[in-house]
Amino acid sequence: MSSHSTLVKEPRPRVRETVAPKRNGMTVNDVYEQLRQIATLYTIRPGERVNELELAEQFEVSRTPLREALNRLVAEGLLTFVPNRGFFVRKLDRQDIFDLYELRCAVEVLAIVRVCERASDADLKELRKFWKGVMKSKPNLDASEFVKRDEEFHLRLVALSGNNEIVRALYNINARIHFVRWIDVEQRGQSTHTEHMQLLDLLDARDSDGARRLLESHISRRMEEITNVVQASVVRLYTGEDSVLPSHGAKP
């Protein structure tokens, strides 16, 4: 070989560049909980399509866990799915909300009878302690936070029935009417929730008939009331006041 010759380096094999999928350790349940909050609070407005690509990017997950979580929300009635179009946030329909209030009343009335039969005095004392704590902190709670505490009270109450399916049903109902109840509480104030203490007194006395009547009165709403609060909810969402809600990728 001539001394003038130059060494020609072998070209390196081209390595196909791949972009690793973004992962931040979120499970399907994590994605589900965040999407559930979005649907419950109408962060995406009623009737609007869910942008899967945008959400996958914000949550830093692949489409697979996102789709699984979205399908769970469809099964729970929080989203709807239209073939060849995608997932949509459920609309605020006054008949749907009225039906859900009726269902909530039926579920809780059934539970209250069982609570009278099955709850221990210690269980009822603990629930009373919880609600006293809520009432004590009420001046510092906004309407949204107060509704959450109220939902927790009712879930704790029906759990004393010993029927897990009743608890599961109420949990789902609460999610579907949460935003409407939030706006309702903002309009009406929180004074009516002193009825919880009266309800606990009736349960302590094992007065199932009295507890049932009080609960029906506490929960039941007329169609005109539902119509008014649904209209107020729509106004809240479409006049820019929903800016207080978290962004799509916000942590709960």
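A residue is called buried when its relative accessible area is under 20%, exposed when it is over 50%, and partly exposed in between. The structure described here is a predicted model.

By this scale D99, with a relative accessible area of 36%, is partly exposed, because that value falls between the two cut-offs of 20% and 50%. D99 is placed in helix α4, which covers residues 94–118. On the surface, D99 belongs to a patch of negative charge that also takes in D93, D96 and E102.

R114 is partly exposed at 28% relative accessibility, whereas E117, at 54%, counts as exposed. The value for E117 lies over the 50% cut-off and therefore places the residue in the exposed class.

In total, the structure holds 19 salt bridges. One of them joins R63 to E52, with the closest N and O atoms 3.4 Å apart. This pair links distant parts of the chain, since R63 is in helix α3 (residues 63–75) and E52 is in helix α2, 11 residues apart. The two partners fall into separate accessibility classes: R63 counts as partly exposed at 35%, while E52 counts as buried at 8%. The assignment of E52 follows because buried means under 20% relative accessible area.

A further salt bridge is formed by the side chains of E224 and R222, at 3.0 Å from N to O. E224 is partly exposed, with a relative accessible area of 45%. The pair is part of a network of salt bridges that links D184, R221, R222, E224 and E225.

Aromatic contacts were examined next. A pair of aromatic rings is described by the distance of the centres and the angle of the planes. The structure holds five aromatic pairs. In one of these, Y42 and F179 are arranged edge-to-face, with 5.6 Å centre to centre and 75° between the planes. The pair links distant parts of the chain: Y42 is in the loop between α1 and α2, F179 is in helix α7 (residues 164–188), and the two are 137 residues apart. F179 counts as buried at 2% relative accessibility, and Y42 counts as buried at 1%. Both rings also belong to a cluster in which ring pairs link Y42, F179 and W182.

Another aromatic pair consists of F81 and F87, which are tilted, at 4.8 Å centre to centre and 50° between the planes. The angle of 50° is described as tilted because planes under 30 degrees apart count as stacked and those over 60 as edge-to-face. F81 is partly exposed at 40% relative accessibility, whereas F87 is buried at 1%.

Most residues other than glycine have a negative phi. Y42, the residue already described in the edge-to-face pair with F179, has a positive phi, near 55°, and is not a glycine. Its place is in the loop between α1 (28–41) and α2 (52–59). R206 likewise has a positive phi of about 55° although it is not a glycine. R206 lies in the loop between α8 (195–204) and α9 (208–219). R206 is partly exposed at 32% relative accessibility, whereas Y42 is buried at 1%.

M135 is located in helix α5, residues 121–137, and is partly exposed at 21% relative accessibility. The value of 21% is not under 20%, so M135 is not classed as buried. M135 and T194 are 59 residues apart in sequence, and their C-alpha atoms are 8.2 Å apart in space.

Key
Residues numbered from 1 in each chain as written. Predicted model: local features only at pLDDT ≥ 70, side-chain atom pairs only at ≥ 80, totals over all residues. Heavy atoms only, no water. Patch = residues over 30% accessible without salt bridge, like charges linked within 9 Å, V, L, I, M, F, W, Y side chains within 5 Å. Areas by Shrake-Rupley, 256 points an atom, 1.4 Å probe, with all protein chains shown as cover. Salt bridge = Lys/Arg side-chain N within 4 Å of Asp/Glu carboxyl O. Lys, Arg positive; Asp, Glu negative; His and termini not counted. Charge placed at Lys NZ, Arg CZ, Asp CG, Glu CD. Helix = DSSP H or I, 4+ residues; strand = E, 2+ residues; numbered from the N terminus. Buried < 20%, exposed > 50% of the residue type's maximum accessible area, 1.4 Å probe, protein only. Phe/Tyr/Trp six-rings, centres within 6.5 Å; stacked < 30°, edge-to-face > 60°.
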